[in-house]
Amino acid sequence: MALLTWSSKYSVGVKTLDSQHTVLFGILNKLHEAMMKGRAQDLTGPLLHKLVDYTRNHFSAEETMMAAAKYPGLADHRAKHRDLTKEVEDYLARFDRGDASVNLHLLKFLRDWLTNHIQSTDHEYGPWLNEHGVR
């Protein structure tokens with residue numbers, strides 16, 4: 001069973017960003033699956049590194065679109081992205097040091113953050129971007 005299932009309630013109305021969000025869901029589901037199959041030690045490191053890299057690229061794309069559309073909430077959104085990136089990097093550093101307990105905490109944190117961030121903060125920029133020609 002997947003940890004997260006994409007549905008229209010997560011859509012921000014921008015195809016590129018929705019697509020990127022589904023990739024983030026997929027990475028989390030792969031982490032969850034690895035834990036459920038007892039393969040967390042094999043797969044978590046590479047998946048966490050992939051998650052950090054993908055998250056940075058996604059945030060950059062999102063911020064670029066917001067800047068181009070002169071989204072008034074960009075500075076606040078960018079600060080939230082920095083905070084999340086730091087937290088994910090901290091989890092990755094803990095894992096790299098051998099802290100095996102990080103997996104359950106990481107999944108819960110990421111699931112909650114991703115769903116809450118998309119449904120609240122990201123939903124705020126969707127209409128603005130749409131009104132400024134980004135679909």
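Buried here means under 20% relative accessible area, while exposed is over 50% and partly exposed is in between, with a 1.4 Å probe and protein chains only. Before I go on, this is a predicted model, where local features need pLDDT of at least 70, side-chain atom pairs count only at pLDDT 80 or more, and totals for chains, interfaces and linings use all residues. Residues are numbered from 1 along each chain as its sequence is written, and side-chain values use heavy atoms, with hydrogens and water left out.

So, aromatic pairs. A search of the whole structure turns up seven of them. For a pair, rings of Phe, Tyr and Trp (its six-membered ring) need centres within 6.5 Å; planes under 30 degrees apart are stacked, over 60 edge-to-face, and the rest tilted. F59 and W113 have ring centres 6.1 Å apart and planes at 65°, so that pair is edge-to-face. F59 sits in helix 2 (residues 40–68) and W113 in helix 4 (residues 102–131), so the pair ties together parts that are 54 residues apart in sequence. The helices are DSSP runs (H or I, at least four residues), numbered from the N terminus. W113 counts as buried too, at 18% relative accessibility.

Then there's Y71 with Y125, another edge-to-face pair, at 6.4 Å centre to centre and 80° between the planes. Y71 is in the loop between helix 2 and helix 3 (74–96), and Y125 is in helix 4, so here as well the pair ties together parts that are 54 residues apart in sequence. Y71 is buried at 12% relative accessibility, and Y125 is buried at 0%. Elsewhere, ring pairs link W6, Y10 and F25 into a cluster.

On to the core. In soluble globular proteins, nonpolar side chains tend to be buried together. A nonpolar core, for us, is a set of buried Ala, Val, Leu, Ile, Met, Phe, Trp, Tyr and Cys residues joined through side-chain atoms within 4.5 Å. Which residues touch the most other members of the largest one? Out of its 35 residues, L114 and L129 do. Helix 1 (15–36), helix 2, helix 3 and helix 4 each put in at least two residues, and helix 4 gives the most, with nine. Take L129: leaving aside neighbours within four places in sequence, L129 is in contact (heavy atoms within 4.5 Å) with V14, L17, M65, M66, A69 and V134.

On a 1 Å grid over the protein atoms alone, a cavity is a set of points where a 1.4 Å probe fits but cannot get out, and lining residues have an atom within 4 Å of a point.

The largest cavity holds about 70 Å³. Its lining is L24, L28, L51, T55, L84, L110, W113 and L114, which splits into seven nonpolar, one polar and no charged. Helix 4 gives the most to that lining, with three residues.

The second largest cavity is about 30 Å³. Among the residues lining it are F59, W113 and L114, along with H21, H58, H81 and H117. Helix 1, helix 2 and helix 4 each give two or more residues, and helix 4 has the largest share, five. What is the make-up of this second lining? Five nonpolar, four polar and two charged.

Note on methods:
1 Å grid on protein atoms, 1.4 Å probe; cavity = no way out; pocket = protein on both sides within 12 Å on 5 of 7 lines; lining within 4 Å. Points joined across faces, edges and corners; volume = space filled by probe spheres on them. Nonpolar A, V, L, I, M, F, W, Y, C, P; charged D, E, K, R; others polar.
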